[in-house]
Amino acid sequence: MKEMNLIRNEKLSSIFFIEIAEIINEEIYYNRSKNKFLVTLIKICMTHDMNLIKVYISIYPFLDKNILKLIRSKSRFYRKLLSKRLRYRVKKIPKLDFCAFV
């Protein structure tokens with residue numbers, strides 16, 4: 001039974017990884033300010049009870065606290081977009097917590 005849950009969590013985390021990366025790419029592309037920067041999704045860590053996903057991102061050319069703060073403030077909006085994309089595949093959409101990968 002544990003193997004089944006492990007396989008399920010791996011599949012879900014890969015689905016979440018792909019969808020979150022696409023959402024971040026689209027949102028940053030459309031809302032790009034005067035400053036040019038690139039946000040890359042490095043990895044995600046999902047809790048066993050699927051209440052929280054820690055999303056580790058990298059910001060190029062340098063880590064800007066304002067960009068990270070902006071992304072964190074929009075985490076509810078990103079969760080809503082994620083639920084729209086995955087409404088028929090995943091029952092429960094976890095909260096998103098964005099962290100800088102150093």
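A salt bridge here is a side-chain nitrogen of Lys or Arg within 4 Å of a carboxyl oxygen of Asp or Glu. Keep that cut-off in mind as we walk through this predicted model, which averages a pLDDT of 88, with 93% of the residues at 70 or above. Among the elements, helix H1 (residues 2-30) has the lowest mean pLDDT, 86, while strand E3 (residues 95-100) has the highest, 95.

Let's start with the charges. The structure holds five salt bridges. In one of them, glutamate 22 meets arginine 85 with N and O at 2.9 Å. That pair links distant parts of the chain, since glutamate 22 sits in helix H1 and arginine 85 in helix H3, 63 residues apart. Glutamate 19 also pairs up, with arginine 89, the closest N and O atoms being 3.4 Å apart. Glutamate 19 lies in H1 and arginine 89 in the loop between H3 and E3, so this contact ties together parts 70 residues apart in sequence.

Lysine 54 belongs to strand E2 and aspartate 97 to strand E3, so the pair joins parts 43 residues apart in sequence. Back with the glutamates, shared partners join Glu19, Glu22, Glu26, Arg85 and Arg89 into one network.

Now for the helix faces. In H3, Ser75, Tyr78 and Leu82 are buried; they fall within an arc of 60° seen down the axis, so they line one face of the helix. The face turned away carries the exposed Arg76 and Lys80.

Terms used:
Residues numbered from 1 in each chain as written. Predicted model: local features only at pLDDT ≥ 70, side-chain atom pairs only at ≥ 80, totals over all residues. Heavy atoms only, no water. Buried < 20%, exposed > 50% of the residue type's maximum accessible area, 1.4 Å probe, protein only. Helix = DSSP H or I, 4+ residues; strand = E, 2+ residues; numbered from the N terminus. Arc of directions from axis to C-beta. pLDDT = per-residue confidence, 0-100.
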